[in-house]
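This briefing goes through one protein chain by topic, from single residues to the overall fold. The sequence and the structure come first.

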Amino acid sequence: MKQKLVIKTPGKLMVAGEFAVLEKGYPLLVMAVDRYVYTTIEDHSTYTFTSENFDLHDLTWHFNGKQVIFDEYSPRLKFVTSAITTVLTYLKEKEIDTTPFSLSVRSELDDEKTGAKYGLGSSAAVVTSVITAILEKFLSYRPSRNLIFKLSAIAHVRTQGSGSGADIAASTYGGLIYYKSFQAGWLKHELKNTDQIIPVLQKKWRYLHIKQVSFPSNITVCIGWTGKPASTKNLVREISKLKQKNLQAYEQFLQDSKDAVDVMLESIKQNDREKFLDGITLNREALRTLGKVADVPIETEKLAILSEAAEQLNGAGKLSGAGGGDCGLAFLRSEENLPNLYEIWKRNDIMPLSITIDTKGTVIFYTE
């Protein structure tokens, strides 16, 4: 058994297909990014947990066979509690014994100086990283990415109650992923009907689709932060109201989003940069229209400026994620235009982030 392991797990940025991915069969592109969560697991006399970012140190806990219970609980521990509970339940069902260990999590997904959130999928990366660390320590074989993804999805949905799981897919597999959601409602129903995890893992997750793809060559991906964190949960709630009030408009958005992502998927197959840029523009327009119809600030003024700057330089841009703040993406034909793009961004208080795509997903960073 390995005495000490460090697991390195990337964050994510949504590329296209936001909101629509929550519905059955609607596609999304998501990319893993080279900002990471590091989880260290090693033998210890008791079960302890440390989070540098939350200033939580050596918190003790125990597993009663059904639930992880912290001696001193903080609401900030909810995702970690669910992750540990889920993976220890799985190991118990597999009749694999565990011994006490210390778990320490450090995240570089948020701004180091201010702690401001960029929207890089922190909770999903933490859940994925913690589950991978415990599986790697106690299994006698390398856990499959499929197992890591499904256990992480279960832990995340149990905590959040919703979500597409795209952020978990990016953190698990890495690279650029063409994704369709397993549907949180379906997963909750399956979990409700059994007190075991393994039967749910063994089922076919019929709506789920994960395929690694690549951006067309000769395209430059740039990421800008608007300086304003956004609440995905609140925005999703507001958009869901449109589904009740104006189903026709909502269904039109779903079709427009699918059409845009389909154009991008075709461009990826053909390695056609121009078609990919067209797809980004189409998806931006679909999201802008959705925001107007629903009267929700999806594309903020800064996100609009971020995208328009890319368009002025013969590229394309759009928000990433639920909008309302966080990050936006710009796609340029040439790196030569980067200084001009960044100059426009900085003039408008948009911070360029030195982030690129991560191609490896969750990996063992260090072992002894």
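**Thr132 and its surroundings**

Apart from neighbours within four places in sequence, Thr132 is in contact with Ile7, Ile148 and Thr362. Thr132 is a residue of helix 2 (residues 122-138). It counts as buried because its relative accessibility is 3%, and the cut-off for buried is under 20%. The model is predicted.

**Overall chain**

- The protein chain contains 11 helices and 13 strands.
- The radius of gyration of the protein chain is 21 Å, which agrees with the value near 21 Å that a compact globule of 368 residues would have.
- Taken along the principal axes, the C-alpha atoms fill a box of roughly 60 × 40 × 35 Å.
- Of the 368 residues in the protein chain, 55% are buried.
- Among contacts between residues at least 6 apart in sequence, 75% join residues at least 24 apart.

**Strand 2 and its partners**

- Strand 2 (residues 28-43) is mostly covered, with 13 of its 16 residues buried.
- Strand 1 (residues 4-16) pairs with strand 2 in the antiparallel sense, over 12 bridges.
- Strand 6 (residues 101-107) runs antiparallel to strand 2 and is joined to it by 7 bridges; here Glu42 stands opposite Ser102 of strand 6.
- Strand 7 (residues 176-180) is also antiparallel to strand 2, with 4 bridges between them, and Leu29 stands opposite Tyr178 of strand 7.

**Ile41 within strand 2**

- Ile41 is located in strand 2.
- With a relative accessible area of 0%, Ile41 is buried.
- Ile41 and Leu103 are 62 residues apart along the chain, yet their C-alpha atoms are separated by 4.7 Å.
- Not counting residues up to four places away in sequence, Ile41 touches Gln3, Lys4, Leu5, Phe101, Ser102, Leu103, Ala133, Ile134 and Lys137.

**Strand 3 between two partners**

- In a regular strand, side chains alternate between the two faces of the sheet.
- In strand 3 (residues 48-51), Thr48 and Thr50 point one way while Phe49 and Ser51 point the other way, and all are buried.
- Strand 4 (residues 56-63) pairs with strand 3 in the antiparallel sense over 3 bridges, with Leu59 of strand 4 as the bridge partner of Phe49.
- These two strands, strand 3 and strand 4, form a hairpin with 4 residues between them, and Asp55 in the turn has a positive phi of about 55°.
- Strand 6 pairs with strand 3 in the parallel sense over 4 bridges, and in strand 6 the bridge partner of Phe49 is Leu103.

**Helix 3 against helix 4**

- The axes of helix 3 (residues 145-160) and helix 4 (residues 166-173) come within 10 Å and cross at roughly 145°.
- The crossing of helix 3 past helix 4 is right-handed.
- Helix 3 contributes Arg145, Asn146, Ile148, Phe149, Ser152, Ala153 and His156 to the contact, and helix 4 contributes Asp167, Ile168, Ala169, Thr172 and Tyr173.
- By class, the residues in the contact of helix 3 with helix 4 are 6 nonpolar, 4 polar and 2 charged.

- An open sheet of 4 strands, with antiparallel pairing, has the order 10-11-9-12.
- Strand 10 (316-319) and strand 12 (351-353) are the edge strands, each pairing on one side only.
- On average, neighbouring strands of this sheet are turned by 30° against each other, direction ignored.
- Strand 9 (residues 220-225) and strand 12 run antiparallel and are joined by 3 bridges, and Gly224 stands opposite Pro352 in strand 12.
- Helix 10 (residues 301-312) lies across strand 9, strand 10 and strand 11 (327-332), and runs at about 165° to strand 10.
- Helix 11 (residues 338-347) packs on the sheet and touches strand 9, strand 11 and strand 12; the direction of helix 11 makes about 15° with that of strand 9.

Definitions and conventions
Residues are numbered from 1 along each chain as its sequence is written. This is a predicted model: local features need pLDDT of at least 70, side-chain atom pairs count only at pLDDT 80 or more; totals for chains, interfaces and linings use all residues. Side-chain values use heavy atoms; hydrogens and water are left out. Buried means under 20% relative accessible area, exposed over 50%, partly exposed in between (1.4 Å probe, protein chains only). Two strands pair if DSSP finds at least two bridges between them. Contact means heavy atoms within 4.5 Å. Axes are lines fitted to C-alpha atoms, for helices over the stretch in contact, and angles run from 0 to 180 degrees between N-to-C directions. A crossing is left-handed if the near helix is turned anticlockwise from the far one by less than a right angle, and right-handed if clockwise. Ala, Val, Leu, Ile, Met, Phe, Trp, Tyr, Cys and Pro count as nonpolar, Asp, Glu, Lys and Arg as charged, and the others, Gly among them, as polar. The radius of gyration is taken over C-alpha atoms; the globule rule is 2.2 Å times the number of residues to the power 0.38.
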